[in-house]
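Please read the following report alongside the sequence and the coordinates.

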Amino acid sequence: MSDGARGATADGVSQASQGVAILGSTGSIGTTALRVLARQRDRFRVVALTAHANAAQLAEQEDAWHPAFVGLVAGDGGRASWERGTDALVGAATHEEADIVLNAVVGAAGLDATLAALEAGKRVALANKETLVVAGELAAAAAARGGGEIVPVDSEHSAILQCLGEHDRADVRRLIITASGGPFRLWDDARLRAATLADALNHPTWSMGRKITVDSATLANKALEVIEAHFLFGIPYDRIDVVVHPQSVVHSMVEFVDGSVVAQMGVPSMELPILYALTWPERVRDDGVPRFDPVAASPLTFEPVRHDAFPALGHGLAAGRAGGAAPAVFNAANEQAVALFLEGRMTFADIATRIGEALDALGGLPGGDRNALLAADAAARAFVREHA
Ligand code: NAD
Ligand code: MG
């Protein structure tokens with residue numbers, strides 16, 4: 001706990017409040033986090049906010065929260081006091097008043113901020129899963145050097161963290177990550193080939209940013225999450241399974257060596273894993289999310305993944321197993337293909353096809369340091385643009 005500002009708890013006990021920097025504060029996770037923090041003002045204060053280009057929304061957030069640091073990465077407008085450019089992310093992530101850095105940026109753009117925060121000894125509440133996919137080993141090394149730690153925001157990984165409790169990985173037989181299946185769970189191949197952008201953005205259980213919503217439709221998101229789980233929990237890929245669970249109530253499960261399976265459940269709201277990432281290993285009272293009603297949530301069902309219909313998942317799993325720069329190539333090819341799909345310049349089915357081709361061409365590139373990984377990232381983006 002920091003020696004920052006003092007707050008008073010409900011029972012009058014004074015305690016230190018923790019400083020939170022929010023990277024990507026104007027996005028789906030960022031705005032959800034501010035909703036959570038508005039109910040926890042005794043415990044946390046917002047010390048830094050950054051956005052990509054939405055100056056008007058960022059100014060509103062500054063007026064509401066009075067952070068010490070505000071950064072706008074791109075775009076005009078905003079205030080003279082704001083930091084500008086990509087350095088603003090690292091500036092917020094390493095701000096001296098920040099105890100916790102919520103990285104809610106989308107894509108590999110969040111990488112340097114995560115590494116810098118870990119190096120500076122911060123807790124990183126990580127929504128930006130792409131960080132761990134591109135550079136899981138570098139993040140672990142930065143945390144070891146600087147004393148920082150990653151606590152996941154992703155609902156599946158928050159679930160696994162909660163299921164693990166005090167157990168270490170030697171007690172774990174298998175992680176079982178649940179997937180909603182996305183909007184195309186039941187679509188046949190002919191229908192999938194004609195899927196439109198509007199179809200892909202129509203997620204059945206979660207309301208999220210556009211990139212992750214498309215990732216959930218292709219199941220690329222589940223591949224990113226398997227790789228994320230591998231690096232977060234140190235579990236080999238052959239002991240991480242994915243199962244489709246359309247209701248998004250069981251957020252994931254851990255099977256232990258004695259055969260017992262522990263699952264974590266709750267209403268599908270990101271407010272729960274966001275708060276837990278801030279307070280872990282503690283739990284704090286919060287009444288902001290509707291109470292869980294098992295009868296209303298019924299029935300809970302599970303299905304196998306249709307790998308043939310959603311090849312992006314298999315490509316990502318193969319990239320994870322291959323290691324080196326392959327996960328970075330997978331992530332960058334996916335980011336570029338999704339961007340083209342969102343611009344109406346690529347079909348839904350082409351996303352997975354281009355990812356597979358990019359991995360065939362570039363998946364053998366060496367990993368290693370940040371520069372090698374960023375070179376692989378750039379090569380994969382260029383490959384997908386050239387073959388669009
Ligand atoms: P979003 O698009 O709604 O928001 C992204 C935020 O990042 C915005 O504030 C935007 O201004 C900022 N941003 C975008 N590009 C940037 C760049 N190049 N540099 C700096 N800032 C940039 O996305 P989201 O749905 O909030 O997702 C954010 C991250 O959280 C993603 O990694 C996503 O996979 C992960 N995640 C999201 C959810 C969810 O429910 N939305 C759930 C689990 C994980
Ligand atoms: Mg998730």
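In which hand does α6 pass α10 in their crossing?

## Basis of the model

This is a predicted model in which local features need pLDDT of at least 70 and side-chain atom pairs count only at pLDDT 80 or more, whereas totals for chains, interfaces and linings use all residues. Residues are numbered from 1 along each chain as its sequence is written, chains are lettered from A and ligands numbered from 1 in the order in which they are written, and side-chain values use heavy atoms, with hydrogens and water left out.

## The α6/α10 pair

The crossing of α6 with α10 is right-handed (the near helix is turned clockwise from the far one by less than a right angle; helices are DSSP runs of H or I with at least four residues, and strands are E runs of at least two, numbered from the N terminus). Helix α6, residues 155–164, packs against helix α10, residues 220–233, at an angle of about 35° with the axes 10 Å apart; axes are lines fitted to C-alpha atoms, for helices over the stretch in contact, and angles run from 0 to 180 degrees between N-to-C directions.

Contact (heavy atoms within 4.5 Å) involves, among others, Ile 160 and Leu 161 of α6 and Ala 229 and Leu 232 of α10.

## The four-stranded sheet

An open sheet with mixed pairing has the order β11-β10-β12-β13, where strands pair if DSSP finds at least two bridges between them. At its edges stand β11 (240–244) and β13 (261–265), each pairing on one side only. Strand β12 (residues 250–256) runs antiparallel to β13 and is joined to it by five bridges, with Ser 252 opposite Gln 264 of β13.

## The seven-stranded sheet

The other open sheet is paired in parallel, in the order β6-β5-β4-β3-β7-β8-β9. Because β6 and β9 (149–152) each have a single partner strand, one side of each is left without a neighbour in the sheet. Four parallel bridges link β3 (residues 18–23) with β7 (residues 100–103).

Strand β5 (residues 69–72) is covered on both faces, with Phe 69 and Gly 71 buried on one side and Val 70 and Leu 72 on the other; buried means under 20% relative accessible area with a 1.4 Å probe, protein chains only. Strand β4 (residues 44–51) pairs with β5 in the parallel sense over four bridges.

Technical notes
Buried means under 20% relative accessible area, exposed over 50%, partly exposed in between (1.4 Å probe, protein chains only).
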